[in-house]
Amino acid sequence: MLLRLILPFLLAFNLYGISNSELLKRADSALKSGNKSKIFTAYNDYKNLYLQALMSGDSKLKNRALNGIVASGTKLHIDVSDYKKKVSSKKQIVKKSTNKTSPKKIHVINIHSISSAKWKENELILTFSKKLTKNRVNYFKIEDKKKKSYRYIFDIKSSLLGKNYKLKKSQLKRVSMSQYKHEIVRLVIEHNKRLKLRFYYEDNRLIIKPGIKSYKAQISHSPVVSSPIKKNKIIVIDPGHGGKDSGAVGYKKNIYEKDIVYKISKELSKILNKKGYKVYLTRNKDSFIKLSKRTEYANKRKADMFISIHANAIPRNGDIHNAKGVETYFLSPAKSKKSERVAAKENVKDVSTMNRFGKDSFLNFLNREKIIASNKLGIDLQQSILKRLRKSYSNVKDGGVRKGPFWVLVGAQMPAVLVEVGFVSNPMEAKRLITSSYQKRFAQGMAEGIERYFLKNQ
């Protein structure tokens, strides 16, 4: 009954009184902009449209909204796995026979589509929904020496499903990919000099090597340099758990989450203080602090950033060797089983009496103005941590930047994220996490991510 009464209000609030077609047009335009803030607006618009479609039974709008959620969420590194499953179940084309003399036959076929396209150093990797065979790719070159134009063209029998990929590479004149025809995706790589381009197939991937050299000065990440703004920034670091709340217990009983995250927090505090930031910790010893008091402390300090540090774990009867990786979360109602599981573990010592719908509705209207900033902070932290760790360690898994209902972030009046440093239930990660060398590198990666965020968001 409560859901029936409140849901129309929530939808009306989010749609700002404009029609579905206008909202869809706005979302499509924002998705193509390449601006992260606009893409986040598109993500929210698509979610509102999806809810409207469910209520009205509009299947066409539902499919458009689902594709939009997946496309925008993927660009923002948001966990949209549940939506992808719904999209994949809709990826069918119904072809009706045109033979009027015989009964109409319906043929259902799965669409061959591109699920991701990205540069990994100097390799362009296209990943497809199904195995890619050679007969699906037509490759040819067009050279014009007078105009100094050398184009390398791939016509691929596949679909983009409305996605728009930004594949710009500073060392190349142009890289573009579009839906050239109904069932043909055209990829064009253009340069003003002849390239020694090579490509090969690997299961469901097409890997292209244009033969360009690395040019470190053109890496897209903002450089980490000294800046006078640092002295004006206040950062509150929150070592998770503490005291009677040990947090997750490792695969060995003497490994506790509260000890690991405290040491990383202290190391991060030292690094940031040396760089000129003003840093506070929510706890400076092994003491218990309620979740609600942690952001309250950050608000009183008028902090510019709040980072809660935790460690992950799964039950002992689970797959402890495969459950691993660094994850970063920002505040939002959970939309995946994984984020719900992690949030349940972190929220356990401060249980609310609200029911599930009450929690989601409450979270929906908290910190709306800080959600985009928190998502950006999460992305910068995640990238920097992984970059720093992978210089010294192998098999460092990227768990992604996700949204989740973490009550330790509720009420923060500044960009706020929760970082899961790894799984103490995983033998390999636990052994690393208890060493001072790994803790220092992790803290260094976080510090670099913080600097990157401030430099891009002054």
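Colleague: Does Lys-275 count as buried, partly exposed or exposed, and at what relative accessibility?

Modeller: This is a predicted model, and in it Lys-275 lies in helix α6. Buried means under 20% relative accessible area and exposed means over 50%, with partly exposed in between. Lys-275 therefore counts as partly exposed, at a relative accessibility of 31%.

Colleague: Which parts of the chain are tied together by the salt bridge of Asp-45 and Arg-26?

Modeller: The side chains of Asp-45 and Arg-26 meet at 2.8 Å, N to O. Asp-45 counts as buried at 3% relative accessibility, whereas Arg-26 is partly exposed at 33%. Because Asp-45 lies in helix α3 (residues 36–56) and Arg-26 in helix α2 (residues 20–32), the pair ties together parts that are 19 residues apart in sequence, namely helices α3 and α2.

Colleague: How many salt bridges does the structure hold?

Modeller: Besides the pairs already discussed, Lys-209 and Glu-123 meet in a salt bridge at 3.3 Å, N to O. Since Lys-209 lies in strand β10 and Glu-123 in strand β4, that pair ties together parts that are 86 residues apart in sequence. Salt bridges that share partners also join Lys-173, Arg-174 and Glu-190 into one network. The total for the structure is 15.

Colleague: Which helix gives the largest share of the positive surface patch?

Modeller: The patch is formed by Lys-266, Lys-270, Lys-274 and Lys-440. One of these, Lys-266, is partly exposed with a relative accessible area of 33%, which meets the requirement of over 30% for a patch residue. The largest share, three residues, comes from helix α6.

Colleague: What phi does Asn-395 have, and is the residue buried or exposed?

Modeller: Most residues other than glycine have a negative phi. Asn-395, in the loop between α10 (368–390) and β15 (398–404), has a positive phi although it is not a glycine. Lys-148, in the loop between β5 and β6, also has a positive phi, of about 55 degrees, and is exposed at 54%. For Asn-395, the residue counts as exposed at 52% relative accessibility, and its phi is about 55 degrees.

How values were computed:
Residues numbered from 1 in each chain as written. Predicted model: local features only at pLDDT ≥ 70, side-chain atom pairs only at ≥ 80, totals over all residues. Heavy atoms only, no water. Patch = residues over 30% accessible without salt bridge, like charges linked within 9 Å, V, L, I, M, F, W, Y side chains within 5 Å. Areas by Shrake-Rupley, 256 points an atom, 1.4 Å probe, with all protein chains shown as cover. Salt bridge = Lys/Arg side-chain N within 4 Å of Asp/Glu carboxyl O. Lys, Arg positive; Asp, Glu negative; His and termini not counted. Charge placed at Lys NZ, Arg CZ, Asp CG, Glu CD. Helix = DSSP H or I, 4+ residues; strand = E, 2+ residues; numbered from the N terminus. Buried < 20%, exposed > 50% of the residue type's maximum accessible area, 1.4 Å probe, protein only.
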